[in-house]
Amino acid sequence: MGDLVRILTDEGIRSFREYLASLRAGASDNPPWELLSDFRSSANFDFNVEVEDLEFSTGLDAAKYLYEILSTVEYSRVDQNVGLWSWLSLKYIDQLCPVRRNGSRRPGQDYRFILEPEFRYYYRHLLFGAYTVFRLHGSKAPLLFDGPPSEMNKFRLELACRQGFITNKGIIEAASLLYYDTQRGRAKPGAAATTRKPGTLFRFIDVVQQLDLTYDLHSMTGEQVLNLLPKEFDEWRREAGRP
Amino acid sequence: MIRKFNYTGRKRIARSRVNIEIIPAKTGPTSFEASINLSGLTLPKNAEIFIEAYRRSFFRRFAFGTVSQITPPKDRSLGDLDPRALAMFRIKVVESAGKGRILAVADRIIPHRTEDEPANKMCLLPVDFVDLGQSIWRLDLLSDWPSLQLNIRIEDIREIARSNAHFLSLVYPEVVRQIFYKIVVEEDHTDSQTDPEDWMSQWLVFANLLGVKEVPPSGVTEPILQDKLKWIDDAVEAFCSNNKMMEKFAQAMSPGEK
């Protein structure tokens, strides 16, 4: 038997922000769990959804689980629901912002936990971002879930911030085919190098943006997108078993 | 002056050739009607037409037949998109049975809503409804097209933004100011002929229609910046004057008015 999902109220969100700010200032207090159930800081969600205390080993596990439990809820009540996603973040804060060896937590920006619905930030919410990618691509985007739930995966950050990329099944599948090592179950080393090294993620983005002007990429599969990429991607393509 | 080159060979479909209208539903998802005029563009008759609706992580694609036979699909539902949310549209004409080459495109099309202004009127400032916390409104100048975001939490905010005299007289002049500041000062976009389809050019045309006959000065030196700020003041004043903002405000403030 799990807990009934609730939504954080404005007051609850304010208190959650204060907690995150205190962590950034060096405090090591326990999370304000009471906000999850106190009637001033949280309110009923309109749907009977239960969550359990689970350990997620990857962002994909978290995304799958949330997708499953929220599947009965009208999507328009899930999307943009700041209170809901903030409540879920607090519920799983130990996994999203784990205690480090020295007893501190390093939360980073608030938008990782408190949903900012604006297009510039929504995908940076650790849970909603993962949920959104899973909802769009299912398990065909393993690359975007590489790493634990507490980490903002670099591939997700770079691909999800581009509307034309994250909604395009062919592009996301092509990126996973190129840069995800299915044998090892993780992203290939060097794939997300910050320099624009030939064939790496940032070049992939540059090249696909150019191709998007000429080709109807939304009609293509991942394989078809791979076939359009120039020579500089040959090495990655070969590694992916697609010479 | 910014020049744009098109090396792809694809044609641009002018926005005036396309009209998208959102059809609200009493229950279930909203849908849309589309009319497209491709005559005179010399596109292959068998080229395929697609209409795409998009917003953040939302994306739907609809096959609309071919150039010679435009056939809207029966299901034009926008699925789980929040009915109040602003989706943009894109029309693509794609080479048939080829490599998927795009032959012509029109992007960033703002749909009309049946309850809004007439379909033939260009919408310069679409409205979007989002959770803004404790803020009432915000101007989004970073998306593909500027939009006025209104707080979805406020009941009747659509009607307030459309007809409340306090809102109209206090908010819209500031909106106009911020938009012109972005265009003229931040982007140094001062020529409406640079790319007539671009939103910045269309706002400059709007300024002209308001009665601001001079074009804003171009450049980044301090004296030019001062001239630009003066131009923006004039444009905002013209906007207020055209819309009788002071009268609206005075009327709203007079005793007996809410």
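Predicted model: local features only at pLDDT ≥ 70, side-chain atom pairs only at ≥ 80, totals over all residues.
Chain B contains five helices and eleven strands, and its C-alpha atoms occupy a box of roughly 65 × 50 × 30 Å along the principal axes. Of the 258 residues in chain B, 45% are buried. When contacts between residues at least 6 apart in sequence are considered, 53% of those in chain B join residues at least 24 apart. The accessible surface of chain B amounts to about 13,600 Å², with carbon and sulfur atoms contributing 53% of it.

At the interface, 30 residues of chain B are in contact with 24 residues of chain A. The two chains bury about 2,400 Å² between them, 47% of which lies on carbon and sulfur atoms. On the chain B side, the greatest losses of area to chain A fall on B:Arg56, B:Ser57 and B:Asp80, which together account for 31% of what that side buries. B:Asp80 also takes part in a salt bridge with A:Arg135, at an N to O distance of 2.3 Å.

B:Gly133 is situated in the loop between strand 9 (127–130) and strand 10 (137–140) of chain B, and is partly exposed because its relative accessible area of 26% lies between the 20% and 50% limits. From B:Gly133 to B:Phe167 the separation is 34 residues in sequence and 18 Å in space, C-alpha to C-alpha.

The loop between helix 9 and helix 10 of chain A provides another crossing, in which A:Asp216 of this loop pairs with B:Arg61 in strand 5 (residues 58–66) of chain B; the side chains meet in a salt bridge at 2.5 Å, N to O. A:Asp216 is buried, with a relative accessible area of 1%, whereas B:Arg61 is partly exposed at 24%. Salt bridges with shared partners join A:Asp216, B:Glu52, B:Arg61, B:Arg90, B:Lys92 and B:Asp107 into one network. The loop between helix 9 (201–214) and helix 10 (222–228) of chain A also holds A:His218, which is buried, having a relative accessible area of 17%. Residues up to four places away in sequence being excluded, A:His218 touches A:Gly164, A:Thr167 and A:Asn168, together with B:Glu52, B:Phe59, B:Arg61 and B:Lys92.

Within chain A, a salt bridge is formed by A:Asp181 and A:Arg184, whose closest N and O atoms are 3.2 Å apart. A:Asp181 counts as buried at 14% relative accessibility, whereas A:Arg184, at 60%, counts as exposed.

How values were computed. Residues numbered from 1 in each chain as written. Chains lettered and ligands numbered in written order. Heavy atoms only, no water. Helix = DSSP H or I, 4+ residues; strand = E, 2+ residues; numbered from the N terminus. Buried < 20%, exposed > 50% of the residue type's maximum accessible area, 1.4 Å probe, protein only. Contact = heavy atoms within 4.5 Å. Areas by Shrake-Rupley, 256 points an atom, 1.4 Å probe, with all protein chains shown as cover. Buried area = accessible area lost by both parts, 1.4 Å probe. Salt bridge = Lys/Arg side-chain N within 4 Å of Asp/Glu carboxyl O.
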